[in-house]
Amino acid sequence: MDTNQYLEMFIEESKEHLQSCNEHLLELENNPEDLGIVNEIFRSAHTLKGMSATMGYEDIADLTHKMENVLDAIRNAKIRVTTEIIDVVFQAVDDLEEMVLDIAAGGTGKKDVQELVEVLNRIEAGGSAVVAASAETAATAVAEMETQQNGHSDLQFDEYDMTVIGQSFEQGYQAYEISIQLREDCLLKAARVFMIFEIFEKSGEVIKTVPAVEQLENEDFEETFAVALLTKEEADVLKAKIMKVSEVENVVVRPITNETLLQGRVEKEENIVKKAAVEKVDSPTNPKSAVVSGEKQNRKNVTAQAGNKTIRVNIDRLDILMNLFEELVIDRGRLQSIASELHNAELTETVERMTRISGDLQTIILNMRMIPVETVFNRFPKMVRQLARDLDKKIALEIVGAETELDRTVIDEIGDPLVHLIRNALDHGIEKPAERLAKGKPEEGTVTLRAYHSGNHVFIELEDDGAGVNRERVLAKAISNGIVSAEMADTLTDKQVAELILASGFSTAEKISDVSGRGVGLDVVKNTIESLGGHISIDSKEGYGSLFQVQLPLTLSIISVMLVELEKEMYAIPLSSIIETAIIQTSDIMNAHNQKVIDFRGNIVPLVDLKEIFETADGDYEADDYQSVVIVRKGDKLAGLVVDSFIGQQEIVLKSLGNYLQNVFAISGATILGNGQVALIVDCNALIK
Amino acid sequence: MTEMIDQKEMKVIVFQLIDKEYAIGVDVVQSIEKLLTITRVPKTPSYVKGVLNLRGVVTPIVDLRDRFGLEVKEMDENTRIIIVTLPEFEVGLIVDAANDVIDIPVGSIEPQPEVVGTVESEFISGVAKVDKRLLVMLNLEKVLEPVKRGTSDER
């Protein structure tokens, strides 16, 4: 079958399922007794198995199958959850991820998983060996059950089934347990099963069968089998329908009610051993039938999720939509300027309305491109777990506000800086358990990753309850690296000292550890965030921990700017870096070390003549009495940009200068103005040292 | 020409700089534009005239005369901007005139002679002789090496 058209969907969904495996595994490690979590993992693995087998990726199917067996053993209390087992399953998920990525990169998705499969097998076998003894006693119980199959319930429901049944009651469905007996001389049992299932699927949904579907399809059963069905049809109607299938001897339809469910739940505990034995008898599955059941299961999952009203849209299409909208924004600007020239009331009104509507449209489009930061955050728990082990520390990661949404352009960029910050907090922040106990802190360190919206910005905070910034050590280092002078050091506040660790040249190659500090240091983080139009600050209390706060713009595609004029040229200064604009008297400009400065609300602010920087003028500065100055900031530092005149504030679409012009000094990009001309965007960060 | 053994031909766009004719393959040419308003980009090599808005795309513009170290001339009504698309970026080339699209047999392209006028030889991938016309084939990858801050290959 031609599976290419499904490939993309397969890759996407596989990633999702693997991610959900990862998350639930972490959860399971904390609550090893919670079988509900095991069920979740099992479901993901099962779906993945079905999908990969359908797509013909045998190695993935193989590995998931083995993983599933182990999970099944855990689910049925055959083996207990231990860290070792979780490690192995993590390893399996890692390998699966690798294979899926390989497929996404155009590879075959093949990988030698033999070793891992063996380990999984061993775990599974080790687990079943433990219950082998009890299985024998259970055997009699099984025999008993079989004899009374017509009288009493054959079906065992797990938590998941019960929830499904419970929910279906609310939606007006009836649940029936249907036992079917075929004639002894029935030749084509599988065919009859198929016909009966066809009836079931037309009238409702089969949620459970005994024996399992694959065994039914392989005729691996005697004359009877039982099915749990959710339907809106009457019991008698169903029975009549099934009886119409030839070679059916007898049909018993029993309603499943809340009472029977409750009863089942109580009995469940006692039945676990019995059930384990039953499933053990049932478990010899060959890969082929697993494929079939995988598909079946898959289809079921799809119907179960049909209530969720979302559609998948290729990100490229959204990008195209965004680009088209950007064109519209440019024309909107043009219309606005035409309308303001013509002074036609009707035109002005129409343009105003259009501006409002396109403003709303902009919000919607931007929102559509928003993704929860979860997509970045979700790889951290596993990373923290691994790092904590490598560092021999006990660390809990708390994530708050993972549903906070950010534009995709920002999401793509913040992953690495955050990884760096977390590594830093784990390595340098949180102390070793012994040290923590000595300080009277809990043995386990806590790192909190928090995301929230505030105004036009998104804040991401990383807080740890570790050692905090040691003023003396940081100062000593900063002085020896020449970042601050010894005299200055005394005047710095604690916050300023803490921020020194973000300064470039602070971190040096001498303290390379495996985890953080590969000689690059936090200044890289700072630069990345600032290049995104964001801002990072740090707050630290020695002995109590540190708080890193990252402030990011909601989107990088459309920004508000102040347009200024230099000679005949127009430049755009991002509003995010502007503090205010001012007109100052030329006589107020002072000189300090050949640097023009002004006194701005008590601060000495250096002046930067943009015309000089951008080489617009021919050198003849006729000093007016007044100068237009835009006060901008980078972090805590201010600067005044001298311009010819202010034109006004505008929403503009950020465009890159392309790959031909790389790294133009003090220019971060370009935009197209209403008159169709290009204006350059000033990179204030480059202008402030 | 009809008896050429090598029947393969390539379509090229012929343009002029001073008195010489140059050629680039049509496959890399996206469009040819008349004069548009160019926005100067400060702190770039002098041959980078700036950027312009090409149907919503900000496109850098290179003055080929300046790039080749020839005498720079003001733009006039014959001046054309040839927009070329390379794998990594799009760039517009300012040329004196662009007036011809012709087919040249691939076999007629020869490696460049030792000296070809004043143009830096590294920019040339070969010369083609077609009907007494001498066309200089440009090596666009070399001509349009990305401009990085600090590189001072201005001339």
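**Entry 1. Basis.** I worked from a predicted model, in which local features need pLDDT of at least 70 and side-chain atom pairs count only at pLDDT 80 or more, while totals for chains, interfaces and linings use all residues. I number residues from 1 along each chain as its sequence is written, and chains are lettered from A and ligands numbered from 1 in the order in which they are written.

**Entry 2. The helix pair.** Helices here are DSSP runs of H or I with at least four residues, strands are runs of E with at least two, and both are numbered from the N terminus. Helix α12 (residues 315-342) and helix α13 (residues 345-368) of chain A pack at about 160°, with axes 10 Å apart. Axes are lines fitted to C-alpha atoms, for helices over the stretch in contact, and angles run from 0 to 180 degrees between N-to-C directions. The two helices are therefore roughly antiparallel, a label for angles over 145 degrees.

I listed the residues that meet, among them A:Leu318, A:Phe325 and A:Arg332 in α12(A), and A:Leu347, A:Met354 and A:Ile365 in α13(A). Contact requires C-beta atoms, placed from the backbone, within 7 Å. By class, this contact of α12(A) with α13(A) has 15 nonpolar, five polar and one charged residues. Ala, Val, Leu, Ile, Met, Phe, Trp, Tyr, Cys and Pro count as nonpolar, Asp, Glu, Lys and Arg as charged, and the others, Gly among them, as polar.

**Entry 3. The sheet.** I traced an open, antiparallel sheet of four strands in chain A, in the order β2-β3-β1-β4. Its edge strands are β2 (204-210) and β4 (248-256) of chain A. The twist averages 25° from one strand to the next. Strands pair if DSSP finds at least two bridges between them; β1 (residues 174-182) and β4 of chain A share eight.

**Entry 4. The contact with chain B.** I noted 22 residues from chain A and 23 residues from chain B in the contact. On the chain A side, β21 (667-672) and β22 (678-682) each supply at least two residues.

Terms used: Angles under 35 degrees count as roughly parallel, over 145 as roughly antiparallel, 65 to 115 as roughly perpendicular and the rest as oblique. Two residues are in contact if their C-beta atoms, placed from the backbone, lie within 7 Å.
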